[in-house]
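Notebook open, structure on screen. I'm jotting down what I look up as I go.

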Amino acid sequence: MRRTPIRTLLAAAALLALTLPTACTAPPERPAAGDAEVVLRTTAGDIRLLLDGRTPRHRDNFLGLVRTGFFDSLLFHRVIAGFMIQSGDPDSRHAAPGAPLGEADAGYTLPAEILYPALAHTRGALAAARTGDDTNPGRRSSGSQFYLVWGRTFADDELQALARRTGTPQPDSLRRLYATLGGTPHLDGQYTVFGRVAEGLDAVEAIQRAATGPDDRPLADIRILSAAILREPGAPASAAAEAERPGGERAESQTSEPPVTETNASEAAAPETPNPENRPRR
C-alpha cells in the first residue's frame, strides 16, 4: 500500500481547519462592561442573573431594588408550567396562603427598553412585567414585577406562522434558538427583556413545575430568601460569568416577556402557550 507523505497530511489538515465554520472555534462571549450580575437565593435554589447593559434603566432599577432588600422574602406569586415564573409583588412577603397576588409593585413604571431581536424571549430571559396595551400603550414596565422565561421549543413552521401573524420576523440565529433552546417568541417586541439567567436554570425549571391554584399561585410558597449584587456595571466579570451566552452571539441570543392584562391575553397568546398577566395595579 502506498503511503501518503506526512507533509501532505499536515497540509490537508490545515486546509480542513480553515474551511470549518467559524462558530466552531469562536471563543465564548464574555459579559460586556455595562452588564451587572445579581443572585437570587430562593427556596428552590440559587438563580444568578446577568443584567444587560443595553437596557440601563431596567438594569439600574433592578440593582437599586436589590440594594434596598426589596426582593428579600418575596414569593414567586405567579407560575405557569411551560411558560414563565413571576415575582416582584411586595404584597407577597406576608401573604396568607391562597391570597390573590399580583396587583402591587414598587409604585412606579419604567420607560420601555425593547431591543428585539437583540434581546428576545428565549429560555432563561429576564423581562419586566407590565399592564396591557389598552391602558399602557407605551408598554412601560412595572417598577418591580419581573418574570423568567421557560417556554417550549418551536418547529420552524410554527415560527414562520407566528411571524406572519404578528409581523415580527425572527432572524435565522434566533429561530435556531427557539427550535433548540425554547422560549416564548409570541412575546417578542412587546415586553422589555433586560437580562438572562446565567446560572440556575435548574431552579427555574423546578419552580415552573410547581403545582398551582387560583391565579397561578403555587400551592406551596416558593420564596426569594435574599438577593445580592455580585458585580456592578463596569466591574470585572466573575469567573462564573465567563460562561457563553445562549447561542454564543450577543446580538441575537437573549430572552423573554411576561404579564399582560386579561383583555389582550388572547391577542398575545401562541398556540398551546399560556400568556402571563400583570393585572392593572390599584
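This is a predicted model: local features need pLDDT of at least 70, side-chain atom pairs count only at pLDDT 80 or more; totals for chains, interfaces and linings use all residues.

**Entry 1: strand β1.** I started with β1 and strand β10 (residues 224-231), which pair in the antiparallel sense over six bridges. For pairing, DSSP has to find at least two bridges between two strands. Leu 40 has Ala 227 in β10 as its bridge partner. Then I looked at strand β2 (residues 45-51), which pairs with β1 in the antiparallel sense over seven bridges. Here Val 38 stands opposite Leu 49. β1 and β2 make a hairpin, with two residues between them. Buried is under 20% relative accessible area, exposed is over 50%, and partly exposed is in between (1.4 Å probe, protein chains only).

Residues are numbered from 1 along each chain as its sequence is written, and side-chain values use heavy atoms, with hydrogens and water left out. Strands (E, at least two residues) and helices (H or I, at least four) are DSSP runs, numbered from the N terminus.

**Entry 2: helix α4.** Which residues of α4 (residues 172-180) are buried? I found Ser 173, Leu 174, Leu 177 and Tyr 178. Seen down the axis of α4, they fall within an arc of 140°, so they line one face of the helix. That arc is taken from the directions from the helix axis to the C-beta atoms. The buried residues pack against α3 (156-166); contact means heavy atoms within 4.5 Å. On the face turned away from the buried side of α4, I see the exposed residues Arg 176 and Thr 180. After α4 comes Gly 182, with a positive phi near 95°.

**Entry 3: Asn 136.** I found Asn 136 in the loop between β6 (125-128) and β7 (141-142). Asn 136 counts as buried because its relative accessibility is 9%. Leaving out residues up to four places away in sequence, Asn 136 touches Arg 130 and Thr 131.
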